[in-house]
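Have the sequence and the 3D view open as you read.

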Amino acid sequence: MKKYKWLVPTLYIIFLMLPIYWLINMSFKTTTEIINTYSLWPQKFTTENYVKIFTDSTWYMGYINSITYTVFNTVISVAAALPAAYAFSRYKFLGDKHLFFWLLTNRMAPPAVFALPFFQFYSSVNLFDTHIAVALSHCLFNIPLAVWILEGFMSAVPKELDETAYVDGYSFGRFFFKIFVPTIAAGIGITMFFCFMFSWVELLLAKTLTATAAKPIAATMTRTASTSGYELGLLAAAGTLTIIPGAIVIYFVKNYIAKGFAMGRV
Amino acid sequence: MNKTINQKAWYFVIPVFVLVAFNAAIPLMTVVNYSFQETFGNNVFAWEGTRWFKQILLSERFHASLGRQFAFTFIILLIQIPLGIAIALTMPKKGWGVPVCLILMSMPLLIPWNVVGAMWNIFALPDIGFLGYTLNSVGFDYNFTQQPGDAWFTTILMDVWHWTSLVVLLSYAGLNSIQPAYYQAAEIDGASRWATFRYIELPKMKKVLTLAILLRFMDSFMIYTEPFVLTGGGPGNTTAFLSIDLVKMALGQFDLGPAAAMSLIYFFIVLLVCWVFYNLMMKNEAQS
């Protein structure tokens, strides 16, 4: 039985790769070929779908918009969560447990509940259709997550580290940035990975809060699909390209993923 | 860790508190506001009391979508949790296989949700998709755009494809934290494979598994984009889960009052389940 153990993960990976392969396969076909023939690989190999995306600004601006607000969100979430997570991991204070649970409830709030009020709220403060509006709205679920993960990592660092540093004459600020942050660097990396991931894949809020100037690539895809009929080849190429940023991020954090999951709470 | 009591720690929490309150409290109050009023457009509102809540709680449409939602969440948990554990148990523990498995298995998690929906749509189309074409050519009468059973099958398969990896990664991390001494002890005692799993691995994974169930419950309960792109809630309303139904009501028909009342009931259900889980988790942590 032990001999065939590798079969389970292998079959699972094949199952995972099949739809992705199918998408890539479609992206190298012309739309006429997709609709008229069924084939396991492109009969008339074409890159025109990709050429269109890289030359048409409504398409490539979508990618730039998505990456912009995702990066904004990651930076804001981690920067705000660092001191908060430190406070939760080191101190007891009035209402700490309630505050922690309240933060978590926001991770649980269905975005569909918030879509309409968000639209009205961000319109009323003149932030509608800006990158920062999307970045701020994604804080709703990313900050609680960031605090949660970072708190796990920080709690794993013994308190003696803080105390020794103070005895050695470090001020709080110097201790925090020179000693503490480097110690939990892996945790910060994992946190950034998750913030990036959840902001990158979210569509409902991003779509509700943007019109043209900050429109995410995912929204460009759905709108194209509905306006110009089904240009399947183009859609497949755009979809394939959305996988790439994620794949790059995974490659960089691959060594941290499993460890990070174990150390932090997520 | 023994924590010091320090009320000044609140200063550290302020940025997070402000950002989240700004995002959560204000919109939530808007929803609460709508849920008790009737709107006539142009910002004219009339007090309605609890009428919308009664209407939603008694409406068959809400019962139906809530029922579909619970069925969906229950089924995907039933598949994803055991499958995730099984894959984590059989994954390589060292060597080149580890990064390969981790990278490939994380892929579905990082694909935008509407792309997941679109990808599965073209993958499952009966005439040009690999899944649909294969199923039809081996004799199944498969068409997810017309047959409710097939639509459910496809939605569940898509969710298993999309999220099982999260359970795998969490379980794998839990398994990795077990020291080899435990396994050696089990071997000396002549423990069977099942006993090793039941008495060593499962207890060690309890914490991450609770977390996996919690995350999967929350996220599957809010699922919107993937089924919306895949089936649009159809055929008919057979795959219209809570979020899809809610967005239809709020943004499609602009029934703000009932939609707001439904939002609050919806949020309350999620909160209740999560509160139970959170307390379970905290209890576990206090024990260990």
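Here is a quick briefing on salt bridges and cysteines. Keep in mind that this is a predicted model. Over all chains, the structure holds four salt bridges and zero disulfides.

**Salt bridge in chain A**
- Side chains of opposite charge can pair when their charged atoms come close.
- Arg90(A) pairs up with Asp162(A) in a salt bridge, and their closest N and O atoms are 2.9 Å apart.
- This pair links distant parts of the chain, 72 residues apart: Arg90(A) sits in helix α4 (residues 57-90) and Asp162(A) in helix α8 (residues 160-167) of chain A.
- Both Arg90(A) and Asp162(A) are buried.

**Salt bridges in chain B**
- Asp245(B) and Arg61(B) make a salt bridge, with 3.1 Å between the closest N and O atoms.
- Asp245(B) is in helix α11 (residues 242-252) and Arg61(B) is in helix α3 (residues 60-90) of chain B, so the pair ties together parts 184 residues apart in sequence.
- Asp245(B) counts as buried at 2% relative accessibility, while Arg61(B), at 33%, counts as partly exposed.
- Arg216(B) and Asp159(B) also meet in a salt bridge, at 2.9 Å from N to O.
- Here, helix α9 (residues 193-221) of chain B provides Arg216(B) and helix α7 (residues 148-176) provides Asp159(B), linking distant parts of the chain 57 residues apart.
- Arg216(B) and Asp159(B) are both buried.

**Cysteines**
- With zero disulfides in the structure, Cys274(B) is in none: the nearest cysteine sulfur, from Cys195(A), is 19 Å away.
- Cys274(B) is buried, with a relative accessible area of 0%.
- Cys101(B) is buried too, at 7%.

Methods: Residues are numbered from 1 along each chain as its sequence is written. Chains are lettered from A and ligands numbered from 1 in the order in which they are written. This is a predicted model: local features need pLDDT of at least 70, side-chain atom pairs count only at pLDDT 80 or more; totals for chains, interfaces and linings use all residues. Side-chain values use heavy atoms; hydrogens and water are left out. A disulfide is a pair of cysteine sulfur atoms within 2.5 Å. Buried means under 20% relative accessible area, exposed over 50%, partly exposed in between (1.4 Å probe, protein chains only). A salt bridge is a side-chain nitrogen of Lys or Arg within 4 Å of a carboxyl oxygen of Asp or Glu. Helices (H or I, at least four residues) and strands (E, at least two) are DSSP runs, numbered from the N terminus.
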